[in-house]
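Please keep the sequence and the structure in view while reading.

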Amino acid sequence: MENNDKLIIGNHEFNSRFILGSGKYSMKLIEAAIRDAGSEIITVAVRRANTKEHENIIDYIPKNVTLLPNTSGARDAKEAVRIAKLARELGCGNFIKIEIMKDSKYLLPDNYETIKATEILAAEGFIVMPYMYPDLNVARELVNVGAAAVMPLAAPIGSNKGLSTKDFIQILIDEIELPIIVDAGIGRPSQACEAMEMGAAAIMANTALATAGNLPIMASAFRQAIEAGRKAYLAGLGRVLIRGASASDPLTGFLHD
Amino acid sequence: MKNQFYVDSKTLPMNVLNKKHELETNPMSRSNHLEYLPDMEQIKSDIQSKVLKQVQNYNYSSYTTKNIKTALEHETCTIEDFKALLSPAAESFLEQMAQRASQETSKHFGNTIYLFTPLYIANYCENYCVYCGFNCYNDIKRMKLTYEQIEHEMKIISDSGMEEILILTGESHSKSDVKYIGTACKLAQKYFRNVGLEIYPVNVEDYKYLHECGADYVTIFQETYDSDRYEQLHLAGHKRVFLYRFEAQERALMAGMRGVGFSALLGLADFRRDALATALHVYYLQKKYPHAEFSLSCPRLRPIINNDKINPLDVGERQLCQILCAYRIFLPFVGITVSSRESASFRNGIVKIAATKISAGVSTGIGDHESKYNGKNVENFGDEQFEIADNRSFKKMYDDMTKEGLQPVLNDYLYV
Amino acid sequence: MVQINGKNEDIAGKNLRDYLHAANYDTRIIVVEINEKIIEKEQYQNTIIKDGDIIEIITFMGGGTMI
């Protein structure tokens with residue numbers, strides 16, 4: 001990719017625009033997934049530690065990859081703040097992805113609590129990346145309270161349904177100056193590519209890889225799709241030929257001089 | 001070709017005339033137009049630097065046919081696309097631009113056209129803006145309506161059927177102070193559903209007061225966004241302070257006004273740059289105040305009393321149409337007002353492409369509505385700011401718009 | 001009784017560092033919270049576990065909302 005086309009999140013620069021989730025597959029596969037995805041950011045959850053288990057996910061993640069802890073498990077802003085502070089204490093930087101779900105059936109993010117948590121954590125120096133339902137007013141609030149990126153969902157999490165919220169994500173891309181990272185619901189490389197063509201700054205995927213027949217090959221397919229979409233966006237898409245557009249009466253016939 | 005703006009009145013005393021000439025010929029005799037006066041509020045805002053930076057780097061001759069085609073194919077018009085649409089290369093795409101603009105207009109406004117009328121309540125002015133009929137050195141009949149006269153004028157206008165009014169004054173803080181204007185707004189609330197203001201820029205506190213008095217829309221013309229040119233045209237008075245004027249809309253929004261209007265007066269400077277700056281002024285403020293309503297006008301220079309030679313130079317109807325189409329494509333959601341400075345035929349045509357608001361029953365003079373509306377002989381009135389080109393009455397305009405297939409709307413507004 | 005990661009254990013009076021060591025936790029990659037207050041690593045030695053304490057021992061793990 002072009003060396004000068006960086007993804008910038010909170011003063012940190014990244015070359016890759018593919019953020020990898022780490023759920024639902026074995027630690028053994030993580031190294032290969034990161035390598036073939038070319039990812040520089042991987043999300044991790046914060047959970048109770050087990051005894052007698054000296055193997056930790058951290059040991060499988062190359063040192064040059066940025067850890068993006070998430071607040072999954074939080075049901076409100078207060079819990080998300082607590083989880084974020086625990087994550088920071090683990091000593092892997094200031095990044096935090098806010099995930100707050102009050103609803104266990106659809107696992108939709110709670111935008112209201114997400115704004116509150118973002119405000120608190122941004123004020124405490126975190127680089128806050130909120131996962132949200134794509135709503136322009138909420139996105140503007142997230143900008144105002146100090147988010148470093150906005151992560152709208154494309155479809156219900158884990159659904160692999162693709163860009164169900166396409167029009168609304170496009171509005172965020174057009175109106176919000178922070179990176180818009182499409183998260184949740186992206187199931188195929190072609191969908192990732194489409195989001196990138198629209199001008200998304202990056203893609204986050206997990207289930208699509210974890211449930212693929214061959215994880216490392218799918219990781220590499222996503223990588224290529226995301227790079228292709230980005231290139232297409234930068235190049236400027238060509239025209240769509242509209243057939244059957246009728247020539248109406250000239251509108252400018254009244255002009256003098 | 002240049003406009004010759006300076007006109008000496010025979011009635012001016014020698015010392016005043018000398019001062020006028022000094023201002024015109026010696027730039028050193030003028031104040032620094034980039035310095036706020038002591039009574040002017042300074043707000044923290046990055047809008048101005050964002051706009052002026054884009055304008056500075058705008059090289060409109062670099063755009064080609066290819067850029068225009070691309071711009072017209074994009075679903076959303078980027079700043080770069082807009083720059084292309086304003087360029088000379090886009091002139092040969094005027095019909096395509098009009099088709100696209102017309103689609104955008106009907107997407108956002110259907111077939112509605114809003115009608116309003118301006119009411120000038122005073123023409124005293126402390127500024128010397130060389131192109132304006134109200135300028136303090138121009139020998140015209142000055143007048144300020146009493147509250148009774150204001151109410152009388154409003155009644156006549158309201159009786160004609162109009163429901164929205166725009167109150168205007170010359171820029172005189174002493175003759176037309178904020179309290180006088182506020183009282184006019186309160187009176188207007190009795191007769192109209194929607195009250196707008198086009199007065200000198202004021203501080204946030206004063207905008208708050210005027211809002212409480214019933215005004216909800218504030219229009220300020222920047223005239224030109226070219227700071228150097230601005231300096232040469234606004235030689236004296238409060239209006240000379242370029243930045244304070246630039247920030248007026250933002251102060252109005254901070255004070256709680258619902259909507260703000262913008263404009264450059266085309267013909268004063270490089271019209272493409274001024275059109276770009278005007279639209280970007282809206283664009284960046286909209287991002288910062290997404291709840292607000294925005295409107296644009298596109299006036300061209302007109303002859304004034306004592307100087308009938310003033311004209312908009314290189315801004316012909318085709319150029320004006322191009323700018324309005326580009327505005328519409330770039331900012332599909334904004335209201336676009338077309339002034340009575342333009343001819344009836346131009347206005348009839350442009351409402352089908354881009355304009356959404358049109359004035360009718362217009363007088364830019366003071367206290368002469370009775371004579372203009374009812375043919376009654378009024379002896380005492382103040383002179384006009386500029387000559388209008390379309391003098392259709394409210395009734396005639398309403399009927400004409402209906403004939404053009406449009407739906408005239410007198411008001412769709414809620415004061416909360 | 002002390003509650004550690006949800007389980008009751010009879011370890012009141014022990015020093016935190018000794019407990020973590022004995023329980024075989026990898027202290028590089030955990031963070032300890034006692035009664036919702038994070039304990040800094042340097043304080044493990046000086047922290048005596050009291051009766052009724054609620055202790056969470058946390059680490060990173062693969063996953064997110066779905067898991």
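With which residue does K287(B) form a salt bridge, and how far apart are the closest N and O atoms? In this predicted model, the partner of K287(B) is E175(A), and the closest N and O atoms of the salt bridge are 3.2 Å apart.

## The interface of chain B and chain A

The salt bridge of K287(B) with E175(A) belongs to an interface in which 20 residues of chain B are in contact with 14 residues of chain A. The area buried between these two chains is about 1,500 Å², and carbon and sulfur atoms account for 52% of that area.

On the side of chain B that touches chain A, at least two residues come from each of α5 (94-109), α12 (271-288), α13 (317-330) and α14 (344-350) of chain B. The largest share, five residues, is that of α5(B), and the residues on this side of chain B divide by class into seven nonpolar, seven polar and six charged.

## The interface of chain A and chain C

Chain A also meets chain C, with 34 residues of chain A in contact with 26 residues of chain C. Between them these chains bury about 2,900 Å², of which 61% lies on carbon and sulfur atoms. Of the area that chain A buries against chain C, R47(A), R48(A) and L90(A) supply 22%, more than any other three residues.

Four salt bridges are found across the interface of chain A and chain C, and one of them joins the side chains of R48(A) and E56(C), with an N to O distance of 2.7 Å. The polar contacts between the two chains come to ten residue pairs, both residues being at pLDDT 80 or more. β4 (41-48), β5 (66-69) and α2 (77-89) of chain A each supply at least two residues of the side of chain A that touches chain C. Of the elements on that side, β4(A) gives the most, with six residues, and the side as a whole has 15 nonpolar, ten polar and nine charged residues.

## A covered strand in chain B

Strand β1 (residues 112-122) of chain B is mostly covered, with eleven of its eleven residues buried. β1(B) runs parallel to strand β3 (residues 164-169) of chain B, with which it pairs over five bridges, and A122(B) stands opposite T169(B) in β3(B).

β1(B) is likewise joined by three bridges to strand β10 (residues 357-359) of chain B, again in the parallel sense, and here F116(B) stands opposite S359(B). A parallel pairing over three bridges also connects β1(B) with strand β11 (residues 407-409) of chain B, where Q407(B) is the bridge partner of T112(B).

Methods. Residues are numbered from 1 along each chain as its sequence is written. Chains are lettered from A and ligands numbered from 1 in the order in which they are written. This is a predicted model: local features need pLDDT of at least 70, side-chain atom pairs count only at pLDDT 80 or more; totals for chains, interfaces and linings use all residues. Side-chain values use heavy atoms; hydrogens and water are left out. Contact means heavy atoms within 4.5 Å. Buried area is the accessible area (1.4 Å probe) that two parts lose on being put together, summed over both. Helices (H or I, at least four residues) and strands (E, at least two) are DSSP runs, numbered from the N terminus. Ala, Val, Leu, Ile, Met, Phe, Trp, Tyr, Cys and Pro count as nonpolar, Asp, Glu, Lys and Arg as charged, and the others, Gly among them, as polar. A polar contact is a pair of N or O atoms within 3.5 Å; within protein, one must be able to donate a hydrogen and the other to accept it, and residues adjacent in sequence count only if both atoms are side-chain atoms. Buried means under 20% relative accessible area, exposed over 50%, partly exposed in between (1.4 Å probe, protein chains only). Two strands pair if DSSP finds at least two bridges between them.
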